[in-house]
Amino acid sequence: EELAELAAAGMLIIRSSDDEEDSAYVGINTFQLQQKEVGCNTLYQYLRDFGAGLAHWVGTMLPVLIDCLHCRAMEGVRIVAATSLSKLVEIIIEDPAGVASGDPANGQAGVDPGESYRSIVEEFLDQIEREDGDDELETLCMIADALSDILKAGHESSRSDSPFRARLDAELTARLFRTMVTEASKAAERRMGRLQDMATVGCDDTLMGEQREIEEWEKDLLTSTVDACGWIVKSEGSNVLPIWDDTVKPFALELLTVKAFAADVIQARLDVQMPCDLRGWGLCALIDVVEHCPGTEQHLETTGNTFHFCLEWLRTEDWELRQVCAYGLGVIAETACVLMAERFGRSVNQDPKETWPMIAKSLEAMIKEGHASLQQIEQQQALREARANMSCPMGQCGVAASCEPRSEDPVEEALGDLEMEDGNWPGNCLDNCIHALLKIAEHVVLRAPEALAYADRDESLDMTMNLIAHCLDFFPLQADKEEGDLAIERLRRWMVDFPNVVQQSVARIPSAEKQAEIASLLGMNYQT
């Protein structure tokens with residue numbers, strides 16, 4: 001198949017052999033492949049540098065880049081083409097009129113922006129469905145990531161002032177959901193199989209390093225697939241819930257409810273615990289619906305499932321899954337705090353008013369643990385650097401960390417490296433816990449619905465301001481930049497809606513220096 005594609009593209013050299021009759025020599029024209037790679041890289045640079053200035057040329061560049069996306073003889077060309085097409089979509093959204101008109105005076109035909117967007121998505125789905133994750137995992141990940149970027153740009157078009165809104169019809173949306181779920185399922189199968197092999201057969205340190213690299217690609221693929229589904233849900237809201245219920249929801253619930261992944265490919269294997277990031281995939285898929293599809297019966301059902309799973313996995317040992325649970329609880333506090341409090345209260349025979357304070361205490365405990373873990377990681381890093389400097393014959397050589405003696409135990413060494421590489425996860429989790437607490441403070445106390453309001457309003461506010469002051473002590477939130485920016489926006493809205501609460505909360509921060517820093521961050525008039 002690949003030879004046929006090369007032949008059609010003129011990339012094969014075929015000539016008769018001089019040695020034997022009726023025989024032929026077949027070779028690949030590597031010069032033309034290299035020229036294709038150079039051309040594709042150049043197009044990407046133009047798209048990145050000139051942006052919407054190339055809108056009139058989209059009709060010319062689109063078929064060229066799609067042709068490069070098909071170039072299976074050189075994976076680098078396909079990856080650059082995928083990234084270039086995501087840039088092309090940004091141009092289509094920014095200047096649809098220029099794309100449609102083209103530049104006839106210079107021989108550049110216009111193309112329909114909507115049809116172009118749809119054809120690009122279809123081409124990406126074609127490529128993803130053809131990929132073999134075992135042999136071409138890196139390429140599959142990069143193409144899936146570029147598709148996620150394309151769908152994100154499409155979502156942004158619905159929120160911007162662009163005259164063009166990128167949309168997919170129901171048929172293509174269903175295909176996209178099915179394809180993303182299929183690829184996530186295949187990734188889960190591969191991961192569970194590798195975990196079982198490592199548990200039963202074992203592996204040396206070299207193989208462990210290779211497995212870790214593959215695991216990172218698999219995680220990236222999972223992230224791209226759930227993000228792709230999420231951008232459609234965010235764009236179309238409740239309109240896509242029937243399709244989502246048929247395609248994404250069953251797989252998401254399977255990841256969250258079963259102990260071990262029950263795909264046919266590994267049914268005969270021993271029981272293997274479901275990795276937490278697979279559960280995170282399922283939870284993220286549910287949270288997208290909770291956040292962006294209100295007002296339907298499916299939304300209420302999904303919110304109930306999400307609330308249950310967030311509470312179930314909130315105190316897991318995995319920081320990444322903790323982060324997702326904290327974010328999900330914050331979303332539910334904004335969208336359904338009363339309903340979930342009443343349902344949970346009935347299930348445990350408890351006053352609904354006690355539900356969110358209980359959750360807040362769990363989040364506070366996680367903040368404390370996350371802060372302690374970050375401090376421990378920083379101390380370990382400082383200790384390693386100090387040991388490296390002491391053991392390095394050149395002393396303060398500037399690259400002493402690379403001179404540090406390695407552990408003789410490969411498992412200990414691998415775990416140590418993993419600890420440092422994943423060191424940011426406690427920070428991300430901490431930031432999401434803090435913002436979730438602010439959401440709870442706003443929607444359960446400051447905007448308290450009657451069903452959750454305490455009789456002693458003053459005492460409730462006093463406790464809440466202490467909680468807010470504790471959260472503010474960690475600002476600015478820097479590990480999860482997006483969540484940190486959203487938290488700042490929330491606090492600035494409070495400056496308008498609840499100015500006294502913000503001022504008194506800032507005043508309760510123990511450090512006067514920190515008080516001044518937060519006041520400056522929020523644009524407050526501050527006096528010690």
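Predicted model: local features only at pLDDT ≥ 70, side-chain atom pairs only at ≥ 80, totals over all residues.
**Cavity**

I take a cavity as a set of points, on a 1 Å grid over the protein atoms alone, where a 1.4 Å probe fits but cannot get out; lining residues have an atom within 4 Å of a point. Grid points are joined across faces, edges and corners, and a volume is the space filled by probe spheres set on the points. The structure has 1 cavity of 30 Å³ or more. For the largest cavity I noted a volume of about 80 Å³. Two or more lining residues come from each of α7 (137–159) and α9 (205–236); helices are DSSP runs (H or I, at least four residues), numbered from the N terminus. α9 gives the most, with 4 residues. I sorted this lining into 6 nonpolar, 4 polar and 2 charged residues. In that sorting Ala, Val, Leu, Ile, Met, Phe, Trp, Tyr, Cys and Pro are nonpolar, Asp, Glu, Lys and Arg are charged, and the others, Gly among them, are polar.

**Pocket**

A pocket is an open set with protein on both sides within 12 Å along at least five of seven lines. The largest pocket has a volume of about 1600 Å³. I found 46 residues in its lining, with Asp-227, Lys-234, Cys-284, Gln-323 and Glu-482 nearest the centre. The elements giving two or more residues to this lining are α7, α9, α11 (276–292), α13 (319–347), α16 (424–446) and α18 (481–497). α9 supplies the largest share, 11 residues. By class, the pocket lining holds 12 nonpolar, 11 polar and 23 charged residues.

**Helix packing**

How do α11 and α13 pack, by angle and by distance between axes? I read an angle of about 15°, with the axes 9 Å apart; axes are lines fitted to C-alpha atoms over the stretch in contact, and angles run from 0 to 180 degrees between N-to-C directions. α11 and α13 are therefore roughly parallel to each other, a label for angles under 35 degrees. α11 passes α13 in a left-handed crossing, one where the near helix is turned anticlockwise from the far one by less than a right angle. The contact (heavy atoms within 4.5 Å) includes Cys-284 and Ile-287 of α11 and Val-324 and Val-331 of α13. Its residues divide into 11 nonpolar, 3 polar and 4 charged.

I then turned to α10 (residues 241–257), which packs on α11 at an angle of about 145°, with the axes 8 Å apart. This crossing of α10 past α11 is left-handed. Among the contact residues are Trp-244 and Phe-251 of α10 and Trp-281 and Leu-286 of α11. I counted these contact residues by class as 14 nonpolar, 2 polar and 1 charged.

**Backbone**

Where is Pro-476 found? I placed Pro-476 in the loop between α17 (457–472) and α18. A cis peptide bond joins Phe-475 to Pro-476, with omega about 0°. Asn-349 is not a glycine, yet has a positive phi of about 55°. I found Asn-349 in the loop between α13 and α14 (355–391).

Technical notes: Residues numbered from 1 in each chain as written. Heavy atoms only, no water. Parallel < 35°, antiparallel > 145°, perpendicular 65-115°, else oblique.
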